[in-house]
Amino acid sequence: MLGGVLTATAAQAGEVEVLHWWTSGGEAKAVASLKATLEKKGDTWKDFAVAGGGGDSAMTVLKSRVLSGNAPAAAQIKGPSIQEWAQEGVLADITPVATAEKWDSVLPKVVADVMKYKGKYVAAPVNVHRVNWLWMSTDAMKKAGVTKAPTTWDEFFATAEKFKKAGIIPLAHGGQDWQDFTTFEDVLLGVGGPDFYKKTMVKPEAASLNSPTMIKVLETYRKIKPYTDKNAPGRDWNLATQMVIKGEAGMQFMGDWAKGEFLAANKAPGKDFLCAPAPGTTKDFTFNVDSFAFFKLKDAAKIKAQNDLAQAIMAPEFQETFNLLKGSIPVRLNMDLSKFDSCAKDSSRDFVATSKTGTLLPSVAHGMALSSAAAGAVKDVVSQYWNNDSLSAADAAKRIATAAMTQ
Ligand code: BGC
């Protein structure tokens with residue numbers, strides 16, 4: 001009898017191999033909560049973690065795995081890339097789970113549309129990260145006599161000077177192309193405004209790309225670099241966040257996965273650190289929705305486990321647990337946010353408000369806008385410009401224009 005029960009359980013249990021790049025302190029806690037949720041359903045989690053913030057390395061590894069006919073059950077894939085993978089015919093249709101769980105009525109339509117290919121769900125969203133944040137150390141602020149977060153770029157440079165005079169590194173930065181671009185899109189939005197952002201980064205137009213505003217953006221961006229330290233090249237984003245956590249640096253531009261690091265270090269918002277919209281972007285929201293796309297599988301037990309994962313990701317309890325750890329907000333609508341902190345509550349309020357004013361914008365640095373080829377090309381140019389002072393703003397603008405129009 002016992003043997004029979006065990007066999008039945010074994011036959012139902014399936015393994016789900018999940019590719020992700022969540023390896024920093026806060027990220028690891030968040031992904032552990034997903035693993036635990038899946039295991040509660042009797043399935044087995046096979047971890048396929050590829051380190052590297054922003055996911056570039058993970059995407060390279062994923063391509064080679066899929067090409068060799070050995071795709072994982074699920075992979076962290078976002079934005080327009082979901083459509084690119086679906087066009088290859090390798091993604092599974094998980095619409096039956098989505099229909100049973102009523103995803104259409106609990107997801108913002110803009111998000112649901114990204115998860116679907118030709119009307120069928122092929123991916124499930126986990127969260128909404130806000131990218132245009134500035135993080136500040138309250139210890140460093142006290143030492144430097146800084147009393148508030150800068151709200152304009154002029155104020156930002158004045159604040160950076162104060163940190164510098166106090167012997168504190170003004171800006172923690174990691175010189176990797178996605179981090180360079182995370183800062184760049186903040187400057188582009190703050191200096192150029194939301195319409196300019198749309199005309200250069202969402203539906204790029206030559207006239208806006210080759211404009212005096214773009215030159216101003218590039219010049220402002222270049223002025224930031226002297227406020228970073230000489231060890232910035234190649235530094236991982238979470239190590240940059242650690243500098244702010246320790247008060248060695250005053251500020252960091254980063255999406256709210258940085259908050260996951262502050263929380264994992266037992267730091268509290270408003271007390272140990274501040275979250276403020278990047279200068280000039282208070283009324284705007286650059287979004288980054290993490291999601292898992294599902295690959296076609298043959299084995300019935302594995303398909304069941306894959307469906308379990310899809311169901312688990314969108315369940316309200318998981319959306320709460322995961323996002324409390326990850327620094328993001330639930331993507332599921334109408335969730336109770338009473339356990340969330342002030343940064344998350346601000347984010348949620350602004351997500352709703354900006355979706356009505358047309359200032360809710362997809363982050364290019366995090367794969368939410370442009371094709372992956374165009375996004376890769378603009379990131380390359382911006383990092384070349386950041387690293388090479390002899391490349392003029394005018395030449396960089398021309399190269400960005402060509403890159404953004406890549407098909
Ligand atoms: C992802 C986040 C992740 C961050 C750093 C972003 O692109 O959306 O989930 O924490 O990269 O790795």
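Mentor: Helices (H or I, at least four residues) and strands (E, at least two) are DSSP runs, numbered from the N terminus. Val50 lies in the loop between strand S2 (44-49) and H3. This is a predicted model, in which local features need pLDDT of at least 70 and side-chain atom pairs count only at pLDDT 80 or more, while totals for chains, interfaces and linings use all residues. Residues are numbered from 1 along each chain as its sequence is written, and side-chain values use heavy atoms, with hydrogens and water left out.

Trainee: Does Val50 count as buried or exposed?

Mentor: Buried means under 20% relative accessible area, exposed over 50%, and partly exposed in between (1.4 Å probe, protein chains only). Val50 has 12% relative accessibility and therefore counts as buried.

Trainee: With which residues is Val50 in contact, leaving aside its neighbours within four places in sequence?

Mentor: Contact means heavy atoms within 4.5 Å. On that basis Val50 is in contact with Leu19, His20, Trp21, Ser57, Ala58 and Val61.

Trainee: Why do the buried residues of H4 line one face of the helix?

Mentor: An α-helix has 3.6 residues a turn, so residues three or four places apart point the same way. In H4, the buried residues are Ser81, Ile82, Trp85 and Ala86. Seen down the axis of H4, these fall within an arc of 140° (taken from the directions from the helix axis to the C-beta atoms), so they line one face. They pack against H3, H7, strand S4 (116-117), strand S6 (123-125), strand S13 (291-294) and H18.

Trainee: What is the volume of the largest pocket, and which residues are the closest to its centre?

Mentor: On a 1 Å grid over the protein atoms alone, a pocket is an open set of points where a 1.4 Å probe fits, with protein on both sides within 12 Å along at least five of seven lines; lining residues have an atom within 4 Å of a point. Grid points are joined across faces, edges and corners, and a volume is the space filled by probe spheres set on the points. The largest pocket has a volume of about 640 Å³. Of its 31 lining residues, Met59, Lys63, Ser81, Glu84 and Ser372 are the closest to its centre. H3 gives the largest share of this lining, six residues.

Trainee: And which element gives the largest share of the lining of the second largest pocket?

Mentor: The second largest pocket has a volume of about 450 Å³. Val110, Val111, Val114, Phe287 and Leu360 are the closest to its centre among 21 lining residues. The largest share, six residues, comes from H7.
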